[in-house]
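Take the structure below one piece at a time.

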Amino acid sequence: MTAHAQDPYRIGRGGGADSTTGRGEGGPASKRTTVGYGFWIYLLSDIILFSGFFAAYAVLARQTAGGPSSHDLFGQERVAIETAALLLSSFTCGLAGVAAEKRKLVPALAWLLATGVLGAVFLGLELIEFAEMIGMGAGPQRSAFLSAFFGLVGLHGLHIAVGLLWLGTMMAQLWVKGFRPQVLRRLMCFTLFWHALDIVWVGIFTMVYLMGVAP
Amino acid sequence: MSERDIDPADTAPGDEAAEGEAFAGGIASYAVGLGLAALLTAAAFAIVNLPLVWRPAIPMALVVLAIAQMGVHLVFFLHVSSGPDNTNNALALAFGTLVVLLLIGGSVWILGHLDHAMMR
């Protein structure tokens, strides 16, 4: 065995006796892996951004300044529908990813379209809620509680809106360019993004809405 | 299946394990994940609306259900696993979770004490 082969700090992996990542032979990771990992790091930093807004909401949730509290403002029906829509859209988004892996264009586009429709239902309901709250004088200027609420839920809604734009461009790219590797990588990143937004929503509907109306 | 098969030692986040022998993979994985997540969501709404849980314990029960549902999403939707091909993803996730816990827990802890000390 040469000294080169024994060097444990050589870049690459796989093969040989030592298959630990980063050791042995095999060369650098595939582009799909590195792109996915980079996007994963972005998603984690995005979730850390959300955690700042969650912390602000947790601290300020009771500072209503004499204005309406969460018990006065939140109903459960709309949140239940929003939650169902987003969970189902996460499911259809996963199915779109599976269809794309199998190179089936029409099912992939159909599942992406379903994802987009469900996401639009979610976003529409959220905008209606915001408009109603602002209309009854419970806008973000009313109290620290409402500032934190609009900051947190609005940030999530903004992510959903950007995600819908991204979804539209992904459908167009699949339609026009087909299953090229770079399109598939973007689609993988999009599905990661969409699933991560659903995870954030789990935190929001639990902490903001259910804890807000809990007896 | 072009680029996927090249790399059995490391998978991108969201990808199923390269050999396809994963515990969570394919359409079945998403169906199971959807079922579990729907169940946990329904349980969270039920706890708030039905007299199932001792009242002061409701927030903690909701937190437990939320963390469980996040775990379900991570495993069945994002395909994070404890397998050797997923070490990097899981490590990054663990660090992200640490920062999130420090941020939220620290804020609530410190400002809760501050609130108490202000004698409101």
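What percentage of the contacts in chain B with a separation of 6 or more comes from residues 24 or more positions apart? The figure is 59%. Two residues are in contact if their C-beta atoms, placed from the backbone, lie within 7 Å. In chain A, residues 24 or more positions apart account for 73% of the contacts with a separation of 6 or more.

This is a predicted model, in which local features need pLDDT of at least 70 and side-chain atom pairs count only at pLDDT 80 or more, while totals for chains, interfaces and linings use all residues. Residues are numbered from 1 along each chain as its sequence is written, with chains lettered from A and ligands numbered from 1 in the order in which they are written.

Begin with the secondary structure. Chain A has seven helices and zero strands. From the N terminus on, its pattern is α-α-α-α-α-α-α. Chain B has three helices and zero strands, and reads α-α-α along the sequence. Helices (H or I, at least four residues) and strands (E, at least two) are DSSP runs, numbered from the N terminus.

Next comes burial. Of the 215 residues in chain A, 39% are buried. Of the 120 residues in chain B, 29% are buried. A residue is buried if 20 or more other C-beta atoms lie within 10 Å of its own, exposed if 12 or fewer, and partly exposed in between; these C-beta atoms are placed from the backbone.

Now go inside chain A. Helix 5 (residues 105-135) of chain A and helix 6 (residues 144-177) of chain A have axes that come within 10 Å and cross at roughly 155°. The axes are lines fitted to C-alpha atoms, for helices over the stretch in contact, and angles run from 0 to 180 degrees between N-to-C directions. Helix 5 of chain A and helix 6 of chain A are therefore roughly antiparallel to each other. Angles over 145 degrees count as roughly antiparallel, under 35 as roughly parallel, 65 to 115 as roughly perpendicular and the rest as oblique. Helix 5 of chain A passes helix 6 of chain A in a left-handed crossing. A crossing is left-handed if the near helix is turned anticlockwise from the far one by less than a right angle, and right-handed if clockwise.

Which residues make this contact? Helix 5 of chain A contributes residues including Leu105(A), Leu112(A), Gly116(A), Gly119(A) and Glu126(A). Among those from helix 6 of chain A are Val153(A), Gly157(A), Leu164(A), Gly168(A) and Trp175(A). By class, the contact has 17 nonpolar, six polar and one charged residues. Ala, Val, Leu, Ile, Met, Phe, Trp, Tyr, Cys and Pro count as nonpolar, Asp, Glu, Lys and Arg as charged, and the others, Gly among them, as polar.

Move on to the interface. Here 47 residues of chain A are in contact with 45 residues of chain B. On the side of chain A, helix 2 (31-60), helix 4 (76-101) and helix 7 (181-213) each give two or more residues. Helix 2 of chain A supplies the largest share, 16 residues. The chain A side divides into 26 nonpolar, 17 polar and four charged residues.

One helix pair crosses between the chains. Helix 2 of chain A and helix 3 of chain B pack at an angle of about 15°, with their axes 9 Å apart. Helix 2 of chain A and helix 3 of chain B are therefore roughly parallel to each other. Helix 2 of chain A passes helix 3 of chain B in a right-handed crossing. The contact includes Tyr37(A), Trp40(A) and Phe54(A) from helix 2 of chain A, and Asn88(B), Leu93(B) and Leu111(B) from helix 3 of chain B. This contact has 18 nonpolar, six polar and no charged residues.

Finish with two loops. Val80(B) is found between helix 2 (58-77) and helix 3 (87-117) of chain B. Val80(B) counts as buried because it has 20 C-beta neighbours inside 10 Å. His79(B) is in the loop between helix 2 and helix 3 of chain B. His79(B) has a positive phi of about 55° although it is not a glycine. Arg103(A) also has a positive phi, about 60°, and is not a glycine. Arg103(A) lies in the loop between helix 4 and helix 5 of chain A. Is each buried or exposed? His79(B) is buried, with 27 other C-beta atoms within 10 Å. Arg103(A) has 12 C-beta neighbours inside 10 Å, so it counts as exposed.
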